[in-house]
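Please find below a note on the chain under review.

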Amino acid sequence: MIKCIAIDDEPLALQKLVAYIKKIPYLELVAQCQSAIEAQKVINQQQIDAIFLDINMPDLNGLDFAKSMEKSHSHGPIMVFTTAYSEYAIEGYKANAVGYLLKPYGFDEFETAAQKVKDIAEIRQQAMTDVTTQVDDDGTIFVKSDYKIVRMNIKNIRYIEAMSEYLRISCDDRPKPVIVLLSMKKIEEHLPSNMFMRIHRSYIINLNKICEVKKNHVVIDEDVSLPIGDNYKDAFMNYLNSKILTK
């Protein structure tokens, strides 16, 4: 179950939000609050996985509350904002909200946002602890994922994708990507630079898996096309030019 809090200073809006939460079987309503300050007291007493909150509230608005949670918790609650003002949407996503519900929203819209919360919560559950050792002499690394220690041969890694504070490692010998709690910078430190290169803020590729390069994209094994970021283009093209056969 995903433990959550509903926050809204308007009683009728809070009542509606609570009713919707109770309709979702994987959500457990821990508390309903009429202010962010009231919710903070609940969070200080127990673990909360997700928060559904209004933006426009007295004393402490939802955006400032979300930013304060991000500063004080390395992996804070998953945030979904609700508001009557569409102009707050961009600010909401800057605060790392996974959903934004514009009032008056219906149950279908709420259910879509709740599913996003569920997806993020499942990723977090799979990657409970920090990951990695440096590459062993036999070309393997060990990572912690889904409560297991997984041994990976770096030759089989196709590419690594960043998803907020998590990484999705795609491998030739595994049907599904391995999800780990780790930064791109950290895993870069443990991969040989002659085999792996960062081509985008969200992607590291195994250079031996490149199939084609076209239109600022790298094609991996003919079925995955990854973008080349502007900040990484020069370094990648220098590598590529050093490999191109000429007369």
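The numbered points below go from the basis of the model to individual residues.

1. Basis. The model is predicted: local features need pLDDT of at least 70, side-chain atom pairs count only at pLDDT 80 or more, and totals for chains, interfaces and linings use all residues. Residues are numbered from 1 along each chain as its sequence is written, and side-chain values use heavy atoms, with hydrogens and water left out.

2. Overall composition. The chain has seven helices and 15 strands; helices (H or I, at least four residues) and strands (E, at least two) are DSSP runs, numbered from the N terminus. Of its 247 residues, 45% count as buried. Buried means under 20% relative accessible area, exposed over 50%, and partly exposed in between, with a 1.4 Å probe and protein chains only. Among contacts (heavy atoms within 4.5 Å) between residues at least 6 apart in sequence, 51% join residues at least 24 apart.

3. Strand S3 covers residues 50-54, and five of its five residues are buried. In a regular strand the side chains alternate between the two faces of the sheet. Here both faces are covered, with Ala50, Phe52 and Asp54 on one side and Ile51 and Leu53 on the other. Two strands pair if DSSP finds at least two bridges between them. S3 pairs in the parallel sense with strand S1 (residues 2-7) over four bridges, and in the parallel sense with strand S4 (residues 78-83) over five bridges. Phenylalanine 52 takes part in both pairings: it is the bridge partner of alanine 6, and its own bridge partner in S4 is valine 80.

4. Helix H1. The buried residues of H1 are Ala13, Leu14, Leu17, Val18, Tyr20 and Ile21. They cover an arc of only 165° around the axis, which puts them on the same side of H1; the arc is that of the directions from the helix axis to the C-beta atoms. Pro11, Leu12, Gln15, Lys22 and Lys23 are exposed on the other side of H1. An α-helix has 3.6 residues a turn, so residues three or four places apart point the same way.

5. Helix H2. In H2 (residues 36-45), Ala36, Ala39, Val42 and Ile43 are buried. These buried residues fall within an arc of 110° seen down the axis, so they line one face of the helix. The face turned away from this buried side carries the exposed residues Lys41, Asn44 and Gln45.

6. Nonpolar core. A nonpolar core is a set of buried Ala, Val, Leu, Ile, Met, Phe, Trp, Tyr and Cys residues joined through side-chain atoms within 4.5 Å. The largest one has 22 residues, and those with the most contacts inside it are Ile2, Leu17, Ile21, Leu27, Phe52, Phe110 and Val117. S1, H1, S3, S4 and helix H5 (107-126) each supply at least two residues of this core. Leaving aside neighbours within four places in sequence, phenylalanine 110 is in contact with Leu17, Tyr20, Ile21, Ile24, Leu27, Phe52, Leu101 and Tyr105.

7. Cysteines. The structure holds zero disulfides, a disulfide being a pair of cysteine sulfur atoms within 2.5 Å. Cysteine 4 is buried at a relative accessible area of 0%, and cysteine 33 counts as buried at 1%.

8. Is asparagine 206 buried or exposed? Asparagine 206, in strand S12 (residues 203-206), is buried, with a relative accessible area of 1%. Not counting residues up to four places away in sequence, asparagine 206 touches Ile154, Lys155, Ile157, Arg158, Met195 and Phe196. Lysine 155 lies in the loop between strand S7 (148-153) and strand S8 (157-163) and is exposed at 54% relative accessible area. The C-alpha atoms of lysine 155 and threonine 140, 15 residues apart along the chain, are separated by 8.4 Å.

9. Tyrosine 166. This residue is in strand S9 (residues 166-171) and is buried, with a relative accessible area of 6%. Its C-alpha atom is separated by 8.2 Å from that of isoleucine 123, 43 residues apart along the chain.
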